[in-house]
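Open the structure in your viewer and keep the selection tool at hand. This tour goes stop by stop, saying what to select and what is there.

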Amino acid sequence: MAKNEEKRARILGVPVDIVTRAEAIEIFKGFMGASGCSLVVTPNSEIVLAASNDRGLKTLIENAGLIIPDGVGLVYASKILKIPLMERVTGIDFLSDVLGYLQHTGKSAYFLGSKPGVAELATENMKAKFPSLVIAGYHHGYFGETDEKAIIDDINRSGAQFLCTAMGSPKQEKFVYEHKEELANVRAAMGVGGSLDVWAGNLKRAPEFYQKHGLEWLYRLLQEPSRYKRMLKLPVFMIKVVFSRRG
């Protein structure tokens with residue numbers, strides 16, 4: 001599906017769509033009625049910083065059908081750069097809208113990623129939350145290149161029209177980008193990060209206070225202290241944003 005460049009801003013040279021949550025789901029609905037596989041990406045500050053130094057990752061994002069501004073750092077950056085980003089659209093909230101749409105229309109999903117057993121448990125929990133949702137298949141994310149063809153074949157056999165990949169960024173997006181021509185029935189695919197673990201109950205979503213104040217990153221850090229090295233990239237991102245404005 002053609003991309004609307006007029007609705008795209010750039011932060012450190014990396015495109016981000018200027019969309020609300022409601023607009024994003026309408027764009028997604030368009031993908032489901034079109035041909036081919038459209039990639040939905042949800043960049044945060046860390047991903048934008050990485051893409052500004054990684055031509056391959058930047059090209060992948062450039063060619064995505066929908067680039068959702070997920071990450072409070074992007075909202076802060078947009079204010080510094082005077083870019084009219086309307087709101088932060090978190091990936092997991094957008095996914096809730098997607099699953100509701102799939103349930104309503106009878107279209108199906110496939111969950112790929114996380115540790116063995118996680119996608120299966122996430123499937124059970126999402127079926128409990130969305131009783132009419134069709135989850136056509138699932139597979140863990142611990143596989144090598146030699147297994148990729150078999151996994152693609154399984155996705156195609158399932159008939160799933162929406163693919164969730166939870167293998168960490170940018171691996172999850174690169175998997176889709178490299179194989180999208182082989183996905184016969186998938187109309188939209190999205191890297192979902194830790195969403196499968198949240199749905200499975202292995203990770204807790206940040207309480208509403210943290211969500212409203214853009215502090216989900218802090219809550220995640222408290223759950224997983226090993227992420228502290230990744231958090232150190234946030235001030236680097238903001239410094240680069242400030243200097244990019246001056247330039």
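**Stop one: helix H4**

Select helix H4, residues 72–81: Val72, Gly73, Leu74, Val75, Ala77 and Ser78 are buried here. Buried means under 20% relative accessible area, exposed means over 50%, and partly exposed lies in between, with a 1.4 Å probe and protein chains only. Helices (H or I, at least four residues) and strands (E, at least two) are DSSP runs, numbered from the N terminus.

A note on the model before moving on. It is predicted, so local features need pLDDT of at least 70 and side-chain atom pairs count only at pLDDT 80 or more, while totals for chains, interfaces and linings use all residues. Residues are numbered from 1 along each chain as its sequence is written, and side-chain values use heavy atoms, leaving out hydrogens and water.

**Stop two: the whole chain**

Zoom out. The chain comes to 13 helices and 8 strands. Of its 247 residues, 47% count as buried. Contact means heavy atoms within 4.5 Å. Among contacts with a separation of 6 or more, 76% are between residues 24 or more positions apart.

**Stop three: the cores**

In soluble globular proteins, nonpolar side chains tend to be buried together. A nonpolar core is a set of buried Ala, Val, Leu, Ile, Met, Phe, Trp, Tyr and Cys residues joined through side-chain atoms within 4.5 Å. Select Ile11, Ile61, Leu112, Ile155, Leu163, Phe175 and Phe237: these have the most contacts inside the largest nonpolar core, which has 38 residues. Helix H2 (residues 45–51) gives the most to this core, with 4 residues. A second, separate core has 35 residues, including Val98, Cys164, Ala188 and Trp199.

Center on Leu163. What does Leu163 contact, leaving aside neighbours within four places in sequence? The partners are Tyr110, Leu112, Ile155, Val176, Leu183, Val186, Ala188, Ala189 and Met190.

**Stop four: Met167**

Move to the loop between strand S7 (162–166) and helix H8 (171–179), where Met167 sits. Met167 counts as buried because its relative accessibility is 15%. Select Gly113 too: Met167 and Gly113 are 54 residues apart in sequence, yet 5.3 Å apart in space, C-alpha to C-alpha. Beyond neighbours within four places in sequence, Met167 also contacts Leu112, Gly141, Phe143, Gln172 and Phe175, among others.

**Stop five: the cavity**

A cavity is a set of points on a 1 Å grid over the protein atoms alone where a 1.4 Å probe fits but cannot get out; lining residues have an atom within 4 Å of a point. Grid points are joined across faces, edges and corners, and a volume is the space filled by probe spheres set on the points. The count is 1 cavity of 30 Å³ or more. About 60 Å³ of space lies in the largest cavity. Select its lining: Val41, Thr42, Pro43, Ile47, Leu57, Ile61, Ser169, Pro170 and Glu173.

**Stop six: cysteines and Lys7**

Select Cys37, buried at 12% relative accessible area. Cys164 is buried at 0%. The structure holds 0 disulfides (pairs of cysteine sulfur atoms within 2.5 Å).

Finish at Lys7, in the segment before strand S1 (8–11). Is Lys7 buried or partly exposed? Lys7 is partly exposed, with a relative accessible area of 29%. Leaving aside neighbours within four places in sequence, Lys7 is in contact with Val16, Asp17, Ile18, Glu23 and Met86.

Notes
1 Å grid on protein atoms, 1.4 Å probe; cavity = no way out; pocket = protein on both sides within 12 Å on 5 of 7 lines; lining within 4 Å.
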